[in-house]
Amino acid sequence: MEFSLIPDQAIGEADARSDDGLGFDTYSRILASAATNTRGPFTIGVFGEWGTGKTSLMRLIERRLADDPNVVTVWFNAWRYEQEEHPIIPLVGTIVQALEKHKGFAATFGAGGKRLVRSLRAIAYGFSAKSKVKVPGFAEVEASFVAKDMIERDERLTPDPLLDRSLYFGAFNSLDKTKLRDTLRVVVLIDDLDRCFPDQAIRLLESIKLVLAQPGFIFVIGVARKVVEGYLQHRYTEEYGIADFKGELYLDKIVQLPFHIPPSTGRMGAFCKLLLVDQPATVAAELDPVLPVVAQALGGNPRALIRFVNNILIDYAISQDLEGFVERGGIPIRFFAVTRCLEHRWPEVFDALTTSDDVAEAVDAWASDTYATHAEGTGPAATVATQLLSDPELRLLLKGAHGHEWLTDPVLRGASVSFLFTQQRLSQLDTSEVSVKYDAFVSYQADNRREAIQIVDGLSRAGLRIFFDQHISPGTDWQETLNSALSSSSVLLFCVGPGTGESQWQTRELDLVLDRAEGLIIPVLLAGADLSTAPGFVRRRQGVDMRDGISEEGIAQLTRAIESRRRRPSS
């Protein structure tokens, strides 16, 4: 079978696609306009987790600014220079290159532009005079050579190689006195900052703030906030003993406009079609209806989806030539899509459905209003029901036409699973980029399991995604799973029943939340609740009273509370 794999490249990079399949066109237009109409100095932070499309958005911004004669765009990949002692050296060199290569630079920027270049060169020279840098394949070399190479390979760093080094001390003042016309902009887009070691990323950010925050300069920085904030939180806690340091405040002082890339789950349809453009018509036709569902199951992460499609393309191609699978007439690629998706996102459901044909047939026959009843049971069927009850993506996958076919065809389902086990089973590392967000985590004592299921059922019907510990598979590290789920949840619903104070599980879950200052806890009072035995932190918070039973009014109250307390983006 002839097919082509999909490179993980941003829009506009190398031979990558030029179409915007992520719905970023409006965002890029607005941000580009903001950059050109803001005097500066100004810094825009493009925040998002790895694989969410930060680079693509920034490339679209760069493209929109390219034809403006009053704008010099500078693209700087921070990761390439993270070994430098002073990352400002290659950054300044890249800016100088862009200025001098700008069409009509002299006419547009005039004498002010020339003074700007001279001041920037002086800064690079000053830093390089006292620093060294490790270059792969070489020993330490003077950073001045690196700066010289960055600015122009065959040109000296400064017009006069004997220039007095005292220029270093006056360089900042010289740059500060350089005045560009109000209509001129230097827009510097810094990518891959979160791929650098955190200390280097912070060093570069500080250089920008202290040295390059000049009139006419606009910086657009792409970064996953949690990388920088987590490092700062750890450093101040471990090295300085400041337990209540807020890492997020650091970026807030540098970034004047934080732009969080919106979730892509609702905008992945066009991206899915874009990924299938170069595939054989038969493959595209099979994947077209199921791929948007898979995209949602993978958290709307473009990088995760590209990796997923490449995997099932390889699965399909290998199975066409593999003895034992050809004889069965081949395995349709849509079966690989469902099988892989279950293994990726719901391994415990995957195990339950692939070890029992009876469970698979039963699940196909279930009506949505019976999930709660089935979840109250035990065994593999209850495991599947629990996930169906609380996870809208699983319902989309299994209750669509592709899911019905997968559940009711034991031959092809078994063949795709057999292939996975014998040929291409994924490891946890292969699925580590899948990040699932929950609206709420339900914590309850075992005796209140039925009430917890009723609460999950009601909230799920309201369109919320809920996690509760029925999701934890046998043999799983419970603390690691709970830690991950709690950190991905906006709210903890802490169910208070008659024996809540005696539940070690609930106490541990509460402790994990209390370790995070931003944890949001909503007590839910169930029948027979004894607040006197509940933890003090819970007693001091306003709860939702359901002591007379789980009611529609109570569910509506919880829904409103959860929706009003959604955590701000944590990228």
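**Exercise 1. State which residues of helix H3 are buried, and judge how enclosed the helix is.**

*Solution.* In H3, the buried residues are Ile88, Ile89, Pro90, Leu91, Val92, Gly93, Thr94, Ile95, Val96, Ala98 and Leu99. Here buried means under 20% relative accessible area, with exposed over 50% and partly exposed in between (1.4 Å probe, protein chains only). Helices (H or I, at least four residues) and strands (E, at least two) are DSSP runs, numbered from the N terminus. Because 11 of the 14 residues of H3 are buried, the helix is largely enclosed by the rest of the structure.

The structure is a predicted model, in which local features need pLDDT of at least 70 and side-chain atom pairs count only at pLDDT 80 or more, while totals for chains, interfaces and linings use all residues. Residues are numbered from 1 along each chain as its sequence is written, and side-chain values use heavy atoms, with hydrogens and water left out.

**Exercise 2. Determine the strand order of the open sheet and identify its edges.**

*Solution.* The 5 strands are arranged in the order S2-S5-S6-S1-S7, with parallel pairing. S2 and strand S7 (257–260) each have a single partner strand, so one side of each lacks a neighbour in the sheet. From one strand to the next, the twist averages 15°.

Next, consider the individual pairs. Two strands pair if DSSP finds at least two bridges between them. S2 and strand S5 (residues 185–191) are joined in the parallel sense over 7 bridges, and Thr73 stands opposite Val187 in S5. S5 and strand S6 (residues 217–223) also pair in the parallel sense, over 5 bridges; the partner of Val186 in S6 is Phe217.

**Exercise 3. Describe how helix H1 packs against helix H2.**

*Solution.* The axes of H1 and helix H2 (residues 54–65) come within 9 Å and cross at roughly 55°. Axes are lines fitted to C-alpha atoms, for helices over the stretch in contact, and angles run from 0 to 180 degrees between N-to-C directions. H1 is therefore oblique to H2, since angles under 35 degrees count as roughly parallel, over 145 as roughly antiparallel, 65 to 115 as roughly perpendicular and the rest as oblique.

The contact (heavy atoms within 4.5 Å) involves Asp25, Tyr27, Ser28, Arg29, Leu31, Ala32 and Thr36 of H1, and Leu57, Leu60, Ile61, Arg64 and Leu65 of H2.
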